[in-house]
Amino acid sequence: MSDKSTSDPDLPIPGAPAASAPSLAEPIEPREPLPPKPDQDGPETVSPTGVPTGAPKSSNAQSGRYLTTAQGARLRDTDHSLKAGPRGPVLLQDHHLREKITHFDHERIPERVVHARGAAAHGVFVANGAAEGVTRAGFLARGTETPVFVRFSTVLGSRGSADTVRDTRGFSTKFYTDEGNYDLVANNIPVFFIQDAIKFPDVIHAGKPHPDREIPQAQSAHDTFWDFVSLHTEAQHHTMWNMSDRGIPRSYRTMEGFGVHTFRLVNAKGETTLVKFHWKPRQGVHSLVWEEAQIINGMDPDFHRRDLADAIEAGAFPQWDLGIQVFPDTEDEMFEGIDLLDPTKLVPEELAPVQIIGTMTLNANPTNFFAETEQVAFHPGHLVPGIDVTNDPLLQGRLFSYIDTQLTRLGGPNFSQIPINRPHAPVNDMLRDGFHQDADHAGVAPYQPNSLDGGCPFMAGADMGAFIDVPAEVPASRKVRENPASFDDHYSQARMFFRSLTPVEQDHVVQAYTFELGKCYEENIRLRQLQSLANIDARLAAEVAMGLGLEAPEPELAVEDTAPSPALSQIGGSWPVAGRIVGVVADDTTDLGALSEVLATLQAEGVVPLVVAPHGGKLGGEITVQRTYLTARSTEFDAVVVAASGAPATDAVGSLDAKAGNPEGHPSLDPRVTLMLGEAFRHAKAIGAWGDGSSVLMAAGIPTDAPGVVTGEAAEVTAGLTGLLAGHRVWERTVAA
Ligand code: HDE
């Protein structure tokens with residue numbers, strides 16, 4: 001057969017209308033993608049709870065009226081494979097079947113090797129201008145608004161692990177600035193386990209599940225972790241933070257964030273300053289208690305993820321102030337005897353106050369978890385003019401690691417073209433081709449210099465907003481594999497941290513070490529860790545040793561005493577109550593008028609009341625029940641309050657007789673309610689009851705005159721509760737307070 005039969009455009013097609021054929025002489029111009037067809041522009045996109053997401057309609061493929069293949073062909077059937085007769089074999093030619101299954105087979109990408117479990121949100125950062133004198137970064141100029149995307153995470157667990165495990169938390173922020181993306185890849189703990197990046201695989205191998213059985217998941221309470229940190233004592237300071245309440249935050253919204261390393265800022269005159277970055281939550285810094293964290297891991301492993309998304313959806317937008325501690329850029333890079341290049345050391349705020357340079361508000365949930373939260377790629381080397389790195393050996397190693405990991409995780413070098421990673425500043429690079437290339441690069445000369453593409457692009461001069469590496473001196477030295485002597489002190493700041501905590505926080509630290517070492521099988525490991533504790537604080541070592549049934553060792557070296565830093569304690573102060581959650585236990589006999597008033601008063605304060613009742617639906621056909629005795633657990637609430645029963649007038653308030661005033665007993669007397677109250681009491685939460693609701697407290701063994709328990713008229717009770725919520729917990733109630 002002649003080739004002419006298929007390729008000659010002039011060949012007449014029988015029955016076809018005569019038309020002028022297009023010229024095929026030149027390649028056609030690339031064109032913009034077509035707008036969506038009307039039937040692909042579906043209904044408004046909404047969140048799982050029905051709130052409009054604001055995402056463009058056409059971005060949600062499922063909303064289009066007709067299902068199509070990936071090539072846009074409409075489908076008549078997606079439920080049956082193409083077969084040779086209803087009982088016949090399936091035909092290989094069924095493209096839709098193969099496309100659907102093949103795509104599904106490849107839906108998973110490798111999870112992050114660390115920080116696999118996370119949740120994220122969009123927001124905006126507004127600079128107050130206080131940093132203008134020390135940096136020329138445009139996004140830190142007064143009044144500049146910069147879109148941000150923030151991802152919070154745990155470190156050790158897999159993607160599907162529980163949120164409230166004892167662990168460090170990641171706090172990564174991508175600022176889409178006009179001068180390029182700036183990533184502040186931070187943690188909720190201001191120091192790190194190791195001083196040199198070369199140790200990172202070691203510490204992570206030790207913290208991850210044991211390679212033989214792959215247990216335990218998302219925990220440090222096992223032999224290999226404590227083996228590493230007791231042998232590698234520079235980890236003791238970070239570990240002390242993990243054992244404190246910081247290891248179990250109440251919410252991502254109530255965490256501080258720390259850049260950990262010292263960075264170098266450069267101002268418009270080229271002058272440099274050393275800084276440490278801090279995020280300060282306006283919601284306060286609050287934690288869970290350990291028993292509560294463990295219950296939540298079973299009841300609601302998505303606790304932190306849900307909390308962040310719910311708060312944003314409810315309009316309780318979390319906010320953080322960004323601050324810097326500023327140090328002179330001296331030759332020795334030391335401040336008040338603290339080596340600023342040692343990432344196991346912090347600088348107490350009492351020595352260098354945190355100066356606020358702007359505020360971040362998280363105000364939108366991601367539309368698609370995979371596209372945004374999973375595919376976002378942070379990198380401490382994503383810097384903008386005015387912010388540079390220092391020689392901290394941990395930071396230097398990170399600068400290599402983050403691109404390298406994305407090559408595997410996101411399947412090639414073009415991950416910055418994924419929408420969530422795209423800079424908002426114009427990009428004009430000469431990077432070409434590679435897997436998942438999304439750009440349709442024009443021109444013929446992606447090299448520099450060139451004379452074919454008009455010599456473009458040009459290089460920006462120093463005064464044109466270009467990034468300039470600070471020409472910092474590199475001291476003449478020999479090549480060595482060693483640390484400076486100032487890195488040798490592994491204990492003085494662990495001691496300072498422990499001694500800066502209040503007694504109740506110290507008690508939590510003792511309990512945490514006793515729990516974690518109690519989970520280790522090897523006695524040698526427990527003894528070695530006790531030795532480190534003895535070097536840090538004799539009482540700490542003695543109390544943990546007592547819990548383990550071991551002898552506390554004597555300190556083996558003299559550790560310098562430094563002044564405590566009260567700023568390191570989380571307890572004390574009064575915080576906004578907006579976004580805190582109160583469980584309101586009611587039933588079918590509850591006076592709906594009083595109940596509505598309580599709910600309205602709490603809502604007016606920004607508190608989120610959730611009605612807990614014996615059954616779902618509505619109470620009295622009016623008030624929506626959000627939780628039942630079956631679905632509620634104390635851990636979801638910051639406070640619990642019990643409504644009065646609608647029984648005849650009663651003298652039950654304050655009475656010790658649980659049934660007084662109501663011969664049948666209060667209808668909320670249910671073991672699940674008394675469990676809820678008992679837990680709330682043990683976990684130092686505010687508790688209230690109005691009218692004969694106090695009989696339910698008493699049945700749960702809760703003294704109505706205990707600290708943090710308010711009874712009386714409904715109005716007094718709600719006022720009392722909101723006051724208590726502002727302090728987060730009623731620590732006076734706990735043993736060690
Ligand atoms: Fe990371 N870290 N890290 N890290 N890190 C990663 O990058 C690494 C360190 C931190 O939400 C990985 O994209 C090395 C300190 C956060 O996507 C990886 C060293 C701090 C996140 C990596 C460190 C962090 C990561 C894994 C020692 C606090 C989550 C996936 C030199 C200042 C980012 C990825 C997100 C993620 C390497 C130490 C914070 C493998 C080699 C110190 C918040 O590249």
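Asparagine 187 is buried, with 23 other C-beta atoms within 10 Å. Here a residue is buried if 20 or more other C-beta atoms lie within 10 Å of its own, exposed if 12 or fewer, and partly exposed in between, with C-beta atoms placed from the backbone. This is a predicted model: local features need pLDDT of at least 70, side-chain atom pairs count only at pLDDT 80 or more, and totals for chains, interfaces and linings use all residues. Residues are numbered from 1 along each chain as its sequence is written.

**Annotated site**

An unreviewed UniProt entry places the feature "active site" at His115 and Asn187. They span 73 residues in sequence, yet no two of their C-alpha atoms are more than 10.5 Å apart, so they gather at one spot. UniProt positions are given in the numbering used here, feature names are shortened, and annotations may be inferred rather than shown by experiment.

Asparagine 187 has its place in strand S4, whereas histidine 115 is found in the loop between helix H2 (95–105) and strand S1 (118–127). Helices (H or I, at least four residues) and strands (E, at least two) are DSSP runs, numbered from the N terminus.

| Residue | Other C-beta atoms within 10 Å | Contacts |
|---|---|---|
| His115 | 22 | Ser153, Val155 and Gly170 |
| Asn187 | 23 | Thr168, Arg169, Gly170, Phe171, Phe258 and Val260 |

**Ligand shell**

Of the 25 residues around the ligand, Arg112, His115, Gly170, Ala197 and Val260 come nearest. The elements that give two or more residues to this shell are strands S2 (145–154), S3 (169–177) and S4 (180–187) and helix H9 (393–409). H9 supplies the largest share, 6 residues. A residue is near a molecule if its C-beta atom, placed from the backbone, lies within 6 Å of it.

By class, the shell has 13 nonpolar, 9 polar and 3 charged residues. Ala, Val, Leu, Ile, Met, Phe, Trp, Tyr, Cys and Pro count as nonpolar, Asp, Glu, Lys and Arg as charged, and the others, Gly among them, as polar.

**Whole chain**

The protein has 17 helices and 20 strands. Of its 737 residues, 40% count as buried. Among contacts with a separation of 6 or more, 70% are between residues 24 or more positions apart.

The unreviewed UniProt entry places "domain: Catalase core" at residues 68–456. Over that range the chain is 21% helix and 20% strand, and the end C-alpha atoms are 42 Å apart.

Technical notes
Contact = placed C-beta atoms within 7 Å. Lists of a residue's contacts leave out its neighbours within four places in sequence.
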